[in-house]
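Here is a short briefing on one protein chain. Keep the sequence and the model open while you read.

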Amino acid sequence: MRFSSRVDVSEPNPIILAQRAAASKGIKLTKLNDSNPTVHGLAPKCLSSKYTADPRGPIEVRRILANFINTRDNRVSQNIESQKCNLTNALNPNNLYVLSSTSQAYAWLMMLMCDCGDSVLAPTPGYPLIESIARLQGVKSIPYPLVYDGSWTIDVAKVKELLENADNRIRALVLINPNNPTGSYIKPEERVQLLSLCNKNNVAIIADEVFYDYSLEPFNGNSRLAGDCSTLIFALDGFSKMLAAPHAKVGWIEVSGPIEDVQEAMKRLDVIADDFLPIGATVSERIPELLQCAKEQTAIVQNRVRSNLKTLRKMLENYPNCCVSALRAEGGWNILLRVPSCLDDDLLALRLIKDYKLVSQPGYYFDMPNNGYLALSLLPKEDQFKNGVTLLLNTVHKMLGEI
């Protein structure tokens with residue numbers, strides 16, 4: 001696997017080597033240059049814990065998080081130190097990086113894999129965040145298409161063409177499982193082909209699985225990419241979606257893959273994480289408490305979005321002469337609506353603002369291939385949701401009558 005040249009992993013100097021040798025023998029050294037105030041009793045009483053600068057995040061937190069993931073994903077094998085890897089292996093907490101958000105994770109991974117001018121592949125339709133972060137890192141975001149024919153699928157042939165073109169300088173493939181706003185999971189047959197392609201072309205996978213637990217109308221056989229070892233994978237998750245709490249700024253990266261690639265990746269990722277520092281104690285100390293409510297909170301959100309999806313389909317079915325349809329959403333908490341393409345996206349959005357003070361997101365926000373799409377959140381309370389859908393349908397009906 002090829003990594004970026006921007007990360008300095010030169011051999012440590014003799015002093016660092018001597019420190020490591022002493023530590024391996026259990027010898028405690030006193031630092032003449034120790035500038036950590038918590039070691040010297042100078043931290044405030046409300047933040048009295050000792051600061052340990054572990055670039056991956058506090059080991060206690062990573063152990064708790066690993067135990068949560070192992071239970072959630074039924075990773076039953078306890079041989080976490082094994083050189084072999086399969087999807088049932090228990091997650092080793094040393095393969096986790098805890099940081100402030102999945103957005104930060106994207107930035108770190110682009111630093112890790114890409115030199116300036118290199119590229120990542122990202123899905124379209126898709127959320128514009130990846131392109132924006134890539135631009136900030138001096139990296140190109142090249143789109144690969146999702147195609148809708150009753151359900152969304154990845155154009156694997158196009159991905160193959162892009163990966164095999166050396167001029168594209170592609171270093172990572174972004175897979176969002178399920179995607180936003182299409183709500184499409186990575187299908188089993190797509191998974192096999194994409195893992196093989198990335199392995200063959202020495203391209204890492206960045207697997208964003210923050211919406212994974214919010215299934216709506218899924219197909220059978222979908223699974224997480226996290227923990228797969230057939231190629232180098234960086235799986236992203238976090239509290240923002242798990243707890244439906246965007247202000248809970250905790251995310252994590254799970255690293256898996258062939259053992260040599262994983263070791264080299266983590267050696268370099270440690271440098272990046274150390275430069276940007278792990279999450280603070282005020283956040284990390286609350287992680288055990290937050291994990292305790294994760295299952296219940298996820299269930300609350302699941303019930304809401306599934307109920308609203310059922311309501312939406314019933315409303316569309318019963319609306320007189322309805323010409324708005326809802327595309328199949330396999331997972332997530334958004335859905336795409338199809339409205340008559342003869343209506344201008346901007347004019348519809350502006351009409352909703354003018355008449356009802358409703359803000360909408362036309363499909364071109366997500367690089368939909370043509371006119372006539374609208375993203376709809378399934379999160380509102382039932383009354384608010386039904387009212388918003390009713391006003392949208394009424395507006396479409398009025399605008400069609402004005403043509």
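In helix α4 (residues 129-136), the buried residues are Ile130, Ile133 and Ala134. Viewed down the α4 axis, these buried residues fall within an arc of 100 degrees, so they line one face of the helix. The model is a predicted one.

- An α-helix has 3.6 residues a turn, so residues three or four places apart point the same way.
- Ile130, Ile133 and Ala134 are the buried residues of α4.
- Arg135 and Leu136 lie on the other side of α4, and both are exposed.
- The cover over the buried residues of α4 includes helix α3.
- Strands β2 (119-124), β3 (140-148) and β5 (170-176) are also among the elements that cover them.

**Nonpolar cores**
- The largest nonpolar core has 36 residues.
- Leu112, Phe234, Ile253 and Val255 have the most contacts inside this core.
- Helix α3 (residues 102-113) gives the most to this core, with nine residues.
- Val255 is in contact with Asn95, Tyr97, Leu232, Ile233, Phe234, Val262, Met266 and Leu269, leaving aside neighbours within four places in sequence.
- In soluble globular proteins, nonpolar side chains tend to be buried together.

**Asp237, a buried acidic residue**
- Asp237 sits in strand β7 (residues 233-238).
- Its relative accessible area is 6%, under the 20% cut-off, so Asp237 counts as buried.
- The side chains of Asp237 and Arg72 are joined by a polar contact of 3.3 Å.
- Not counting residues up to four places away in sequence, Asp237 touches Arg72, Thr102, Glu209, Val210, Arg224, Met242, Gly251 and Trp252.

**Strand β10 and its partners**
- Strand β10 (residues 334-338) is mostly covered, with four of its five residues buried.
- Strand β9 (residues 325-326) pairs with β10 in the antiparallel sense, over two bridges.
- Ala326 stands opposite Leu337 in β10.
- Strand β12 (residues 373-377) also runs antiparallel to β10, and five bridges join the two.
- Leu336 stands opposite Ala375 in β12.

**Helix α1 and its ends**
- At the start of helix α1 (residues 14-24), a side-chain oxygen of Asn13 comes to within 3.0 Å of the backbone nitrogen of Ile15.
- Gly26 follows α1, and its phi is positive, near 80 degrees.

**Cysteines**
- How many disulfides does the model hold? The count comes to zero.
- Cys114 is in no disulfide, and the nearest cysteine sulfur, that of Cys116, is 9.5 Å away.
- Cys114 is buried, with a relative accessible area of 0%.
- The closest cysteine sulfur to that of Cys322 is in Cys323, at 6.1 Å. A disulfide needs the two sulfur atoms within 2.5 Å, so this pair is too far for a bond.
- Cys322 counts as partly exposed, at 25% relative accessibility.

Definitions and conventions: Residues are numbered from 1 along each chain as its sequence is written. This is a predicted model: local features need pLDDT of at least 70, side-chain atom pairs count only at pLDDT 80 or more; totals for chains, interfaces and linings use all residues. Side-chain values use heavy atoms; hydrogens and water are left out. A nonpolar core is a set of buried Ala, Val, Leu, Ile, Met, Phe, Trp, Tyr and Cys residues joined through side-chain atoms within 4.5 Å. Buried means under 20% relative accessible area, exposed over 50%, partly exposed in between (1.4 Å probe, protein chains only). Contact means heavy atoms within 4.5 Å. A polar contact is a pair of N or O atoms within 3.5 Å; within protein, one must be able to donate a hydrogen and the other to accept it, and residues adjacent in sequence count only if both atoms are side-chain atoms. Two strands pair if DSSP finds at least two bridges between them. The arc is that of the directions from the helix axis to the C-beta atoms.
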